[in-house]
Amino acid sequence: MSIWRTKSIEQSLADADHPDFKLKRRLTSVDLTVFGIGVIIGAGIFTLTGRAAAEYAGPGVVFSFIIAAICCGLAALCYAEFASTVPVSGSAYTFSYATLGEMLAWIIGWDLILEMVLGASVVAQGWSSYLVTFLEEIGLGWPEGYGPDANAEFGQPNLAALLLVVVLVGLIAIGIKESLRVNLALVAVKLFIVLFVIVAGMFYVSGDNYDPFIPERAGSVSGEGIHQPLIQWAFGLEPQTFGVLGIISAASVVFFAYIGFDVVATTAEEANNPQRDLPRGIIGSLVICTILYVAVALVITGMVKYDQIDTEAALATAFRDVGRGGFATLISAGAVAGLTTVVMTLMIGAIRVVFAMSRDGLFPVKFAHVNPKTGTPIRITLVVGVFVAIVATFTPIGKLEEMVNIGTLTAFALVSIAVPILRKRRPDLPRSFKVPFSPFLPFLAAAICIYLTLNLSIETWLRFLVWMALGFAIYFLYGYRNSRVGKGGDDKAAEPLHM
């Protein structure tokens, strides 16, 4: 018995074909690409672009998006190799179980649950804000005290967010293909709005707003106490604003606009041809979103001088400033559609991760049983839905949003490290996609992710440590004792990690 025991690739693939746990393979590369776009393009394109330009980089934020895309793309390559080699639900959790050992796989799975459940809750609250704004702009309204403002204190309900979660849980339970049909329609609306912003905004771009394209350096952004970045407290390094270093600081901020492509890997067992379709879906969605982010950044900084951008609602305010208030209403509608797809995709990802962990015995195995009619794990769908609903409805999120990022980046780093390890341990495995220049690029991806975690606040790190302590307690009290691998189903006691 060892916490470093691994689950063989062959056993993972065999479990995926077990009648009690078998998901329906119904997704194409187009479905997976749309799935990725649906989760990546969310609140970031409506708010983060303006904030990064106004506070960190000016028009030079377009370079920040490109830098962030390259950094995120390195992790995406690692995910693509793993997903095509081990086409099983669970994403980074499953990949790590085969390489880094059970305990580290548990840590990653626990991190992914944090990322996706809390992320879905946070975005559901953001969705409620856009919904109420949209209803007010078209002359309707929402009952006072039951909308997004109700989250000012713990326990006051945000019924708009609850309504969204309930509807999406029902849709997800019906089936993955049905969910993605709705996702496709909403992503189409979202892309139409984004393209509309780009095309319409071009008519209001002024070359004067691009001068200077890279504003002069303006100093540092620092915090105090537990609110300061860990890297500032540990090494005295402070994030810079404007200038070349400001572009790099902005890249750390906009990096999080790309988070979500990893959710595509959680649907590996439901892809028709995972070896071909998963790399296409992961990389394709990232490329498309990068192009759209850069285009929107160019338009918004061309319409409004960077130091006058509204950091809360950059796109809508920009059109109001040029006398196009009606466009702002359309943008709000697009935000409602856009954030709906983000919440749904994150919930599907969380459900698939818990499904994989339950099938391995780290959570109760009965949760992983698939309904024969819908082809979905309905019990897990309901459990995840309840948690998301409670957090989104009753909890004031605040700075807990950063915990989504730290969970994601930790998973990214460990997956990147695992790629060269699996290549060394199992060179015989067929790989339809390979990360070029391994192990250099995977290790570079891991280093970048670790650096970005150091830019998060000490407060976030403390909360993350509490979350991890809870996870370790559950693992050693239940998961370690009930693991199917530990009971002899596929026991391989691994040595402590070495290359």
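Is Cys 289 buried or exposed? Cys 289 is buried, because its relative accessible area is 0%. Here buried means under 20% relative accessible area, exposed means over 50%, and partly exposed lies in between, with a 1.4 Å probe and protein chains only.

This is a predicted model, in which local features need pLDDT of at least 70, side-chain atom pairs count only at pLDDT 80 or more, and totals for chains, interfaces and linings use all residues. Residues are numbered from 1 along each chain as its sequence is written, and side-chain values use heavy atoms, with hydrogens and water left out.

## The chain as a whole

The protein chain has 499 residues, and 59% of them count as buried. Its secondary structure comes to 17 helices and two strands. These elements are DSSP runs numbered from the N terminus: helices are H or I with at least four residues, and strands are E with at least two.

How much of the contact total comes from residues 24 or more positions apart? Such pairs make up 83% of the contacts with a separation of 6 or more. A contact means heavy atoms within 4.5 Å.

The accessible surface of the chain is about 19,000 Å². Carbon and sulfur atoms hold 66% of that surface. The areas come from the Shrake-Rupley method with a 1.4 Å probe, and for residues only the protein chains shown count as cover.

## Cysteines

A disulfide is a covalent bond between the sulfur atoms of two cysteines. The cut-off used here is a pair of cysteine sulfur atoms within 2.5 Å. How many does a search of the whole structure find? The search finds zero disulfides. Take Cys 449: its nearest cysteine sulfur belongs to Cys 72 and is 7.6 Å away. Cys 449 counts as buried because its relative accessibility is 2%.

## Empty space inside

Rolling a probe the size of a water molecule over the atoms shows where empty space is left. The search uses a 1 Å grid over the protein atoms alone. A cavity is a set of points where a 1.4 Å probe fits but cannot get out. A pocket is an open set with protein on both sides within 12 Å along at least five of seven lines. Lining residues have an atom within 4 Å of a point. Points are joined across faces, edges and corners, and a volume is the space filled by probe spheres set on the points.

The second largest pocket holds about 650 Å³ of space. It is lined by 23 residues, and the closest to its centre are Trp 110, Ile 113, Val 117, Phe 387 and Trp 467. Helix H6 (102-137), helix H14 (378-394) and helix H17 (458-482) each give two or more residues to this lining. By class, the pocket lining has 21 nonpolar, one polar and one charged residues. Nonpolar covers Ala, Val, Leu, Ile, Met, Phe, Trp, Tyr, Cys and Pro; charged covers Asp, Glu, Lys and Arg; the others, Gly among them, are polar.

The whole structure also has three cavities of 30 Å³ or more. The largest cavity holds about 50 Å³. Ten residues line it, and Lys 7, Ser 12, Val 88, Thr 94 and Asp 360 are the closest to its centre. Helix H5 (92-97) and helix H13 (325-359) each give two or more residues to the lining. H5 gives the most, with three residues. The cavity lining divides into four nonpolar, three polar and three charged residues.

## Backbone details

| Cis peptide bond | Omega |
|---|---|
| Asp 211 and Pro 212 | about 0 degrees |
| Ser 438 and Pro 439 | about 10 degrees |

Pro 212 sits in the loop between helix H8 (176-202) and strand E1 (219-220). Pro 439 lies in the loop between helix H15 (401-425) and H16.

Phe 437 lies in the loop between H15 and H16. Its phi is near 55 degrees, a positive value in a residue other than glycine. Phe 437 is exposed, because its relative accessible area is 66%. Phe 440 belongs to helix H16 (residues 440-454). Phe 440 counts as exposed, at 55% relative accessibility.

Phe 242 is in the loop between strand E2 (240-241) and helix H10 (243-254). Its phi is positive, near 60 degrees. Phe 242 counts as buried, at 11% relative accessibility.

Helix H12 (residues 314-321) is mostly covered, with six of its eight residues buried. Among them are Leu 315 and Phe 319. Gly 323 follows H12 and has a positive phi, near 80 degrees.
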